[in-house]
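Reader: I would like to learn how to read the contacts in a model of this kind. Please take me through them step by step.

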Number of protein chains: 2
Amino acid sequence: MTGSGSAGGTVVTVDVVLLTLRAGRLSVLLTRDDDRVRGSDWRLPGGPVRPGEDLEDPGEDLEDTARAALEATGVAAAGHLEQLRTYGHPGRDPDRRAVSVAYLALLPNLPRPRGDGRDGVAARWWPVEDLIPRPGNDPAGSPDAPALALDHDEIVGDGVERARAKLEYSPLAAAFVDEPFTLADLRRVYEAAWGAPLDPPNFRRKVLSTAGFVVPVGARAAPRGGGRPAELYRRGEATALHPPLLRRTV
Amino acid sequence: MTGSGSAGGTVVTVDVVLLTLRAGRLSVLLTRDDDRVRGSDWRLPGGPVRPGEDLEDPGEDLEDTARAALEATGVAAAGHLEQLRTYGHPGRDPDRRAVSVAYLALLPNLPRPRGDGRDGVAARWWPVEDLIPRPGNDPAGSPDAPALALDHDEIVGDGVERARAKLEYSPLAAAFVDEPFTLADLRRVYEAAWGAPLDPPNFRRKVLSTAGFVVPVGARAAPRGGGRPAELYRRGEATALHPPLLRRTV
DNA sequence: CCAAAAGTGTTATGTGTACACCCATGA
DNA sequence: TCATGGGTGTACACATAACACTTTTGG
């Protein structure tokens, strides 16, 4: 009996699917707790929601728990965070009845995880294409793809699908890039998430014609080895894209 | 201390936003428990998730709990059911720490709720436009709009918004009508949900050009007081609409 | 014959897509 | 001056929106 849960009760936990773009590939952060026997499995960052002791102490909010889990990984405290789905199948955790509220977090490029082996906690980025095979593309996941704890592979899959879908009708792609960014940066987010190239001229017109998606900064990026320097932008105030930026052949 | 929850623990509950079309108006089912002091508030059907006693009894699945709550209202056991969102703010229930997994259910026309006062349980349909004021349209909800328990007004609002949005890119409208149905029946679902008329000829073309949305039955409806009888259809196999059926001026 | 609802046709307008072409920079 | 990537122009295919018109029923 390795679990800390109490039989007969329900433990509410939070798990965070933290996505970013690393080297042009959509990647998810996984952690591993080396202390435990079951620690050979990689898992999503997260943990139990503090329920509160009595009426004076109402306990912790779900989103606060999610953000704390995000901070504990050492990569960031800010960034886009939204609720994904709740997983409550009775058999999903063999040790206890655990209901997990999953969150989806999106962050700009390249934060390096804390505790790369220290503290008995390991954390690293995994390209999602190594974890969830895409239809027709991947043989059967990467050969060194890790086994995920519990139903965390399903949660990752749902998070990635949500992110891919939301790129179509929300300005969420801008959450993946640092400000200021170029339209090519933004385009590469779509290309990495959807796995297909987009036509740069048409992408530019689409984005600029959507009010509030991006705001020009009025400066140009430093050119890097040939090519005209690109204009710089920051995130706009829009919360939805009308009309949506549809991926083709869905 | 009227609650049945235990201080120091967390109770996981399920609440169901059950929507249907009644007299051309999008309506939600609310219940009232007359036994309790707090019973003056109307609330969504639902209840606690059975956690399970031990390892032999793993407890009840969230979706099973939602469907049981749906059955308990006496309107139906079948129909579309999907997870909506989870509400876990510490102060949402003053009596206990309650995390509620909300579900969205869609049903065809006109089921009559069981227990219209008997069993100490009342249930009735409320037009959603009386509960949640639409921008610019309603003054401030209906004069006899009920106060909803806890954060159930927020949950109803989220459920209605989800339903309205999903009509655009999913064949979910067909869940609101009994089979077989006419295209006018289907069009009235959109008109009721979006509060705006649609052009019948264009709507017809849109629906019929979307593969798998509806399937012709090969019969005509009985005419009712003038007008050409309409062709009948049943639900198709499609799970998404490409391209979407967008509401205008969003 | 008239009203009403279903269904078809037609056209203007807009949007997506493909691709030719020009611009600005480093080597 | 060439390669490279950013940015503009444009033509065609297709989707949407508006509405005239035909069909089929009941009164």
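**Reading the contacts**

Author: A polar side-chain atom of A:Arg205 lies 2.8 Å from a base oxygen of DNA strand D. Keep in mind that this is a predicted model.

Reader: How many residues surround DNA strand D, and which are the closest?

Author: There are 24, the closest being A:Arg204, A:Gly227, A:Arg228, A:Glu231 and B:Lys206. Of the atoms of DNA strand D that come within 4 Å of the protein, 58% belong to sugar and phosphate. By class, the surface near DNA strand D has nine nonpolar, six polar and nine charged residues.

Reader: Which helices supply at least two residues each of that surface near DNA strand D?

Author: Helix 4 (183-194) and helix 5 (200-209) of chain A do, together with helix 5 (200-209) of chain B. Helix 5 of chain B gives the largest share, four residues.

Reader: Which residues come nearest to DNA strand C?

Author: They are A:Asn202, A:Lys206, B:Arg204, B:Arg205 and B:Glu231, out of 21 residues around DNA strand C. A:Asn202 has a polar side-chain atom 2.8 Å from a base nitrogen of DNA strand C. A:Lys206 places a polar side-chain atom 2.8 Å from a phosphate oxygen of DNA strand C. With B:Glu231 it is a polar backbone atom that is 2.7 Å from a phosphate oxygen of DNA strand C.

Reader: Which element gives the largest share of the surface near DNA strand C?

Author: Helix 5 of chain A, with four residues. The surface near DNA strand C divides into seven nonpolar, five polar and nine charged residues.

Reader: Now the two protein chains. How is the size of an interface often given?

Author: As the accessible area lost when the parts come together. Here chain A and chain B bury about 2300 Å² between them, with 59% of it on carbon and sulfur atoms. The contact draws on 32 residues from chain A and 32 residues from chain B.

Reader: How many salt bridges and how many polar pairs does the rule find across the interface of chain A and chain B?

Author: Zero salt bridges, but seven residue pairs in polar contact. On the side of chain A that touches chain B, the largest share, four residues, comes from strand 4 of chain A.

Definitions and conventions
Residues numbered from 1 in each chain as written. Chains lettered and ligands numbered in written order. Predicted model: local features only at pLDDT ≥ 70, side-chain atom pairs only at ≥ 80, totals over all residues. Heavy atoms only, no water. Contact = heavy atoms within 4.5 Å. Buried area = accessible area lost by both parts, 1.4 Å probe. Salt bridge = Lys/Arg side-chain N within 4 Å of Asp/Glu carboxyl O. Polar contact = N/O pair within 3.5 Å; in protein donor to acceptor, adjacent residues only side chain to side chain. Near = heavy atom within 4 Å. Nonpolar A, V, L, I, M, F, W, Y, C, P; charged D, E, K, R; others polar.
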